[in-house]
Amino acid sequence: MDVAQAIAKRRTVRAFGQEPVNEATLASLVEAARCAPSAANLQPLEYVAVNDPALCQEIFDCLKWAAYTHPVGTPGPGQRPTAYLVACVRVEYKAVVGSAYDLGAALMSAMLLAVQEGLASCWLKSINAPRLTELLSVPAGLEVDSVLALGRPAEEPATVDLAKGQTGREVIRYWRDQNGRQVVPKRPLASILHWQRHGGPGAPGQA
Ligand SMILES: Cc1cc2nc3c(=O)[nH]c(=O)nc-3n(C[C@H](O)[C@H](O)[C@H](O)COP(=O)(O)O)c2cc1C
């Protein structure tokens, strides 16, 4: 699978097969994250990798899933992630340039490699960080930021072009269709890509 295929295939998944994710795979995802760009090269991120089933269950209890479709979208028993990367930020560096950019770049690399490895992910920011800190013995000076839930995908969400709803407002909320399939609206390329100048003529070759 090449990078373009992994990008196209990656979707947030919230139902997982129950095969374990081994340590070598988790280490390779953190290696991908390690190679990501970093503002001022501060590299403020560390990761706690978890695949112990009992600990995975305790982490699961710290997560909130799919706010737009709640309670649908919360993985049920037998659908829960089998591994996690818990992303932590060194507080002293967070104050310098912020860590959100680094997190985005690093976790995206990990998520794309996961796709290549036959895995899927859900990046969660709605977490009980204090509980995770205690549970995973995260030391002072490191802050739990977010969690990458991992496992073999057991659902295949679809994307559609984002459109306006009946009220005329954009529908940015994802939903479940009549078959229970997750549908994610994405802004069409032509609505976000501007050639030469914003609001200028259409794409090269277009009328
Ligand atoms: C920074 C960030 C935080 C997120 N937090 C959550 C979360 O707490 N719970 C959840 O179920 N999904 C979470 N998501 C997943 C988004 O809902 C998902 O990326 C979005 O609906 C687009 O779907 P896609 O990833 O399949 O393109 C988060 C995504 C990002 C980038």
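This is a predicted model: local features need pLDDT of at least 70, side-chain atom pairs count only at pLDDT 80 or more; totals for chains, interfaces and linings use all residues.
How are helix 2 and helix 5 oriented to each other?

1. Helix 2, which covers residues 23-34, packs with helix 5, which covers residues 100-116, at an angle of about 140 degrees, and their axes are 7 Å apart. The two helices are therefore oblique to each other, since angles over 145 degrees count as roughly antiparallel, 65 to 115 as roughly perpendicular and under 35 as roughly parallel, with the rest being oblique. The crossing of helix 2 and helix 5 is right-handed.

2. On the side of helix 2, this contact is made by S28, L29, A32 and A33, while helix 5 brings A106, L107, S109, A110, L113 and A114.

3. Six residues from domain 1 and six residues from domain 2 take part in the contact between them. On the side of domain 1 that touches domain 2, three residues are nonpolar, two are polar and one is charged.

4. The ligand is surrounded by 13 residues, of which the closest are R11, T12, L124, K125 and S126. Both domains take part in this shell, since at least three of its residues come from each of domain 1 and domain 2. Strand 3, residues 120-124, gives the most to the shell around the ligand, contributing three residues.

5. Two backbone details deserve a look on the model. Most residues other than glycine have a negative phi, and most peptide bonds are trans. The peptide bond from H70 to P71, however, is cis, with omega near 5 degrees, and P71 lies in the loop between helix 3 (53-60) and strand 2 (83-90). Q43, a residue other than glycine, has a positive phi, near 50 degrees, and Q43 is placed in the loop between helix 2 and strand 1 (45-50).

Note on methods: Residues are numbered from 1 along each chain as its sequence is written. Two residues are in contact if their C-beta atoms, placed from the backbone, lie within 7 Å. Ala, Val, Leu, Ile, Met, Phe, Trp, Tyr, Cys and Pro count as nonpolar, Asp, Glu, Lys and Arg as charged, and the others, Gly among them, as polar. A residue is near a molecule or strand if its C-beta atom, placed from the backbone, lies within 6 Å of it. Helices (H or I, at least four residues) and strands (E, at least two) are DSSP runs, numbered from the N terminus. Domain bounds come from an automatic or database domain assignment. Axes are lines fitted to C-alpha atoms, for helices over the stretch in contact, and angles run from 0 to 180 degrees between N-to-C directions. A crossing is left-handed if the near helix is turned anticlockwise from the far one by less than a right angle, and right-handed if clockwise.
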